Amino acid sequence: MTAVSKNGTAPPEDPLARGLGAFSFALGVPQILAPGRMNRMIGVKDDASSRRWMRVVGIREIAAGVGIFSERRPKEWVWARVAGDTMDLALLGSALRGKTEQPARTLAATGAVIGAFAADLLDGLKLSREPGGDGSQDEPLEVHGAITVRRHPDEVYAFGHDIERFPSFMAHLEEVRITGGGRSQWTVRGPLGMNVSWDVEITEDVPGERISWRSVEGSKVDGSGTVKFIPAPAGQGTEVHLELRYDVPGGGVAAMMAKLFGEHPEMQLKDDLRRFKQIMETGEVVRSDGSPEGQLNRRMLKQRPAHPLTEDELAGVGSGATS
Amino acid sequence: MRANVWSGRNKVQVENVPDPKILNSRDAIVKITSTAICGSDLHLYDGYIPTMRKGDILGHEFMGEVVETGREVSNLKVGDRVVVPFPIACGACNACERELFSLCENSNPNALMAEKMFGDATAGIFGYSHLTGGFAGGQAEYARVPFADVGPIKIEGDFADEQVLFLSDIFPTGWMGAEMCDIKRGDIIAVWGCGSVGQFAIASAYLLGAERVIAIDRFDYRLRMAREKGGAEIINYEQTDVREALREMTGGRGPDACIDAVGMEAHHHHPAMYAYDRVKQAARLETERGYALREAIYNCRNGGIISMIGVYGGFMDKFPIGAVMNRGLTIKTGQCHVQRYLRPLLDRVENGDIDPSFVVTHKLALDDAPTGYETFKNKRDECVKVVLKP
């Protein structure tokens, strides 16, 4: 399966980023070469474990420095520094709760990291706002992906044509209701349980081959999509190619989509294709104890432990077949 | 119910958890009568497989009695005695159609996690991290078995659990290891690792027509089992130079095919060599200690086959790719496609070709699982295989 999103790229020349890159080197080299001295400097107990962590942090700093200086797009590396700062704060936090020998020094180090964190965050946000960063450009956002389903194209088309069943595999969709005249109303559950609806019209419908749609002019969401059904070689079924385009005048497409759906459209599209295939091939969305709702990108980060659900949890995710 | 859960590195404990329920219409619930600790469970126990969570129920080798079926399961009924294969497979995707069941395209709800790690997803596996789906395992009183209409095999003959339990993993895994060697008349097969998978690889290589099988390990009691139960010639690599011995035993040719039944936590007789990978592994600079695989590659006959059934999780350093390329070796590998082998191997058991219970050294109550893990990990008390009884 593939899924790709397209965004413009440009190499911003940012003095703050370069400063942060140099800072990474200045910190990383002594962390790797003299972890014991660095441990004592920040007042942490100097043992094998803290030296290992210090070296790990040093390696990460060097990687961020190299990244910021060599990459055409330093933005990602600045964000990597933000992530690194978060890790450092966690490490220092745990040191403050136990391993520190000189709390004043550890607190001072924590203060310094908070300062770096602020600088990194500011620069990351600044770079992300510049043209070429995700989430801010005015050009439409396009995501596309493909998956092979071991079913005849006519059968796959028939399922894809039944748009009221879309919510069975498009996890973010609450409801699709046919309103007549080739139009339908699509509803997603937005933030704070508020539903957002918009109207969609079918613009092209070639049986067994393709379906295209777009939102009706003046809708809250300006988007369009095409799904193509192509016979896979040697009787392996049907290649389903899905393309989605979103446009929001005034920019911030990805940010808006993330706010609306809880994640980037590319991630959603990957979920949707896998769920679509599962329903077509096995009859339903496959559930596990770790992912009781089935394939869902946002579940990746907060897996349940792999043991059976309680009655309450079960009621929360619904039981039985989802289609 | 009682279940053995992972609680962090080197720690498992038997806890009370909710009973499993039907989540999909092709599920069955099985009341477990026997379940085993696998060598690959030790990789989880030792903390080398990422994406484990505290509270995960371990275990992917189990059998028992069907106590409930989902509405789409018509081949099984309550009371049936079944062995459950460790990979979960839908039976309907292109991978299943090609009998590549451990690569089922639908059974892993965390496919995107596996895609990030490996480039593409693999099938769901019971009790084997969240990378393979986050499914509760079978070291418990009950288990939910998805796609019960595809995986489990009914046992109708009058066999003890220990005679059929290992159809769930280690017997088919050893068999596939031997099958991948593409054994022809006169072939000599070398097997690294005499744990239970290695023992079944040895037995399977003979059943598939090998002329001779040479077993390599460092524990005398495991080598003794390989010789006495499997009929293998043996090399203890702590006492004998493996390369010289193999050349000598094969008239200078090298083994026609080499089976790696060790995987990511191999050992080396030389402390400095062992330290090299052990340190990198501890610092998480690589995930594998690949001594067995490297040695298999160096010693294989020109143009021969390397059959890898030991488990690897990520990245290995110093992989001798030059030897593979220049000497025209073929590497074959994969998690076992157990569903493919269930029927033919049950036939072998029914025919009396093999009695798989020979690997069992320990039978414990489920509540003693933590002791079982420690005994198995540290090779105490001549341990080869631990079976737990819920």
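Helices (H or I, at least four residues) and strands (E, at least two) are taken here as DSSP runs, numbered from the N terminus. The model is predicted, and local features are reported at a pLDDT of at least 70, side-chain atom pairs at pLDDT 80 or more, while totals for chains, interfaces and linings use all residues. Residues are numbered from 1 along each chain as its sequence is written, and chains are lettered from A and ligands numbered from 1 in the order in which they are written.

Chain A contains ten helices and eight strands. A residue is termed buried if 20 or more other C-beta atoms lie within 10 Å of its own, exposed if 12 or fewer do, and partly exposed in between, with C-beta atoms placed from the backbone. By this criterion, 35% of the 323 residues of chain A are buried. Two residues are in contact if their C-beta atoms, placed from the backbone, lie within 7 Å. Among the contacts in chain A with a separation of 6 or more, 56% join residues 24 or more positions apart.

Helix 8 of chain A covers residues 265-282. The helix is mostly covered, with 18 of its 18 residues buried. The expected span of a helix is 1.5 Å times one less than its number of residues. Just after helix 8 of chain A comes Gly283(A), with a positive phi of about 100°.

Two strands are said to pair if DSSP finds at least two bridges between them. In chain A, strand 3 (residues 173-180) and strand 4 (residues 183-189) run antiparallel and are joined by six bridges. Val176(A) is placed opposite Trp186(A) of strand 4. The hairpin formed by strands 3 and 4 of chain A has two residues between the strands, and in this hairpin Gly181(A) takes a positive phi near 65°. Strand 4 of chain A is also joined to strand 5 (residues 195-206) of chain A, antiparallel, by seven bridges. Here Ser184(A) stands opposite Val200(A) of strand 5.

Most residues other than glycine have a negative phi, and most peptide bonds are trans. Ala234(A), which is not a glycine, has a positive phi of about 55°. Ala234(A) is located in the loop between strand 7 (222-231) and strand 8 (238-247) of chain A, and is exposed because 7 other C-beta atoms lie within 10 Å. In chain B, Asn10(B) likewise has a positive phi, near 60°, and is a residue other than glycine. Asn10(B) belongs to the loop between strand 1 and strand 2 (12-16) of chain B and is exposed, with 12 other C-beta atoms within 10 Å.

Strand 11 (residues 212-217) and strand 12 (residues 233-236) of chain B pair in the parallel sense over four bridges. Ile214(B) stands opposite Glu233(B) of strand 12. Together with helix 7 (residues 220-228) of chain B, strands 11 and 12 make a right-handed β-α-β unit. Right-handed means that, with the strands pointing away from the viewer, the path from the first strand over the helix to the second runs clockwise.

A nonpolar core is defined as a set of buried Ala, Val, Leu, Ile, Met, Phe, Trp, Tyr and Cys residues joined through C-beta atoms within 7 Å. The largest such core has 127 residues, and those that touch the most other members include Val30(B), Cys104(B) and Ile259(B). Beyond four places in sequence, the contacts of Ile259(B) include Gly177(B), Trp192(B) and Ile309(B). Another core lies apart from the largest one and has 22 residues, among them Tyr157(A) and Met280(A).

Two loop residues of chain B were also examined. Phe315(B) lies between strand 14 (305-308) and helix 11 (321-326) of chain B and counts as exposed, with 11 C-beta neighbours inside 10 Å. Leaving aside neighbours within four places in sequence, Phe315(B) is in contact with Glu286(B), Thr287(B) and Glu288(B). Asp367(B) lies in the loop between strand 16 (362-365) and helix 13 (369-377) of chain B and is partly exposed, with 14 other C-beta atoms within 10 Å. Asp367(B) and Gln139(B) are 228 residues apart in sequence, but their C-alpha atoms are 9.8 Å apart in space.
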